[in-house]
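Here is a quick walk through one fold, written for someone who likes the cut-offs spelled out. Have a look at the sequence and coordinates first.

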Amino acid sequence: MFCTVMPTAYFGAFYAAEDNDASFYTYSYHILSVAKAVAKRGCEAHAGGPCAFYAVAVPKGTDPNAQNLDGLGAITGDAFTTAFRV
């Protein structure tokens, strides 16, 4: 499986309740679809009802409308590309 090391450390998403002031956001996820799903579920649990998608956070230069966005954040990418002494 190939993963791109992204220049920043996150994908994130923000959902807000339709009927009250509840909201929920995620950050530092390696897969945008997971960040969105977790934000939606968190918002709906907090709001006790439906929530609407509001925004995403993606690395600069990344098309937020692209499908299947994933990659390792800079911090995790370092861990996979750095030689460690044992």
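Is Ser28 buried, exposed or partly exposed? Ser28 comes out as partly exposed, with a relative accessible area of 39%. For reference, buried means under 20% relative accessible area, exposed means over 50%, and partly exposed is in between, all with a 1.4 Å probe and protein chains only.

Some ground rules before going on. This is a predicted model, so local features need pLDDT of at least 70 and side-chain atom pairs count only at pLDDT 80 or more, while totals for chains, interfaces and linings use all residues. Residues are numbered from 1 along each chain as its sequence is written, and side-chain values use heavy atoms, with hydrogens and water left out.

**The sheet and its helix**

Helices (H or I, at least four residues) and strands (E, at least two) are DSSP runs, numbered from the N terminus. Three strands make an open sheet in the order E2-E1-E3, and the pairing is antiparallel. Strand E2 (23–26) and strand E3 (51–57) sit at the edges with a single partner strand each, so one side of each has no neighbour in the sheet. On average, neighbouring strands here are turned by 15° against each other, direction ignored.

Two strands count as paired if DSSP finds at least two bridges between them. Strand E1 (residues 12–17) is linked to E2 by four bridges in the antiparallel sense, and six bridges join E1 to E3, again antiparallel. E1 and E2 also form a hairpin, with five residues between them. Ala13 stands opposite Thr26 in E2, and in E3 the bridge partner of Ala13 is Val56.

Helix H1 (residues 32–47) packs on this sheet and touches E1, E2 and E3, with its direction at about 25° to that of E1. Those angles run from 0 to 180 degrees between N-to-C directions, using axes fitted to C-alpha atoms, for helices over the stretch in contact.

**Thr26 and the residues around it**

Thr26 lies in strand E2 and is buried, at 7% relative accessible area. What does the side chain of Thr26 reach at 3.0 Å? That would be the backbone oxygen of Ala35. A polar contact, by the way, is a pair of N or O atoms within 3.5 Å; within protein, one must be able to donate a hydrogen and the other to accept it, and residues adjacent in sequence count only if both atoms are side-chain atoms.

Not counting residues up to four places away in sequence, Thr26 touches Phe11, Gly12, Ala13, Ala35, Val38 and Ala39. Contact means heavy atoms within 4.5 Å. With neighbours within four places in sequence left aside, Ala39 is in contact with Ala13, Phe14, Tyr15, Phe24 and Thr26. Val38, found in helix H1, has Phe24, Thr26 and Tyr29 as its contacts, leaving aside neighbours within four places in sequence. The C-alpha atoms of Val38 and Phe14 are separated by 9.6 Å, with the two residues 24 apart along the chain.

**Core and disulfide**

A nonpolar core is a set of buried Ala, Val, Leu, Ile, Met, Phe, Trp, Tyr and Cys residues joined through side-chain atoms within 4.5 Å. The largest one has eight residues: Ala13, Tyr15, Ala17, Ala22, Ala39, Cys43, Ala47 and Cys51. E1 and H1 each supply at least two residues of this core.

A search of the whole structure turns up one disulfide, where that term means a pair of cysteine sulfur atoms within 2.5 Å. Cys43 and Cys51 are the two ends, with S to S at 2.1 Å. The link is left-handed, with -80° about the S-S bond.

Here is how accessibility compares for some of the residues discussed.

| Residue | Relative accessible area | Class |
|---|---|---|
| Cys43 | 0% | buried |
| Cys51 | 8% | buried |
| Val38 | 30% | partly exposed |
| Asn68 | 73% | exposed |

**Positive phi in the loops**

Most residues other than glycine have a negative phi, and most peptide bonds are trans. Ser28, in the loop between E2 and H1, has a positive phi near 65°. Asn68 has a positive phi near 55° and is found in the loop between E3 and helix H2 (74–81).
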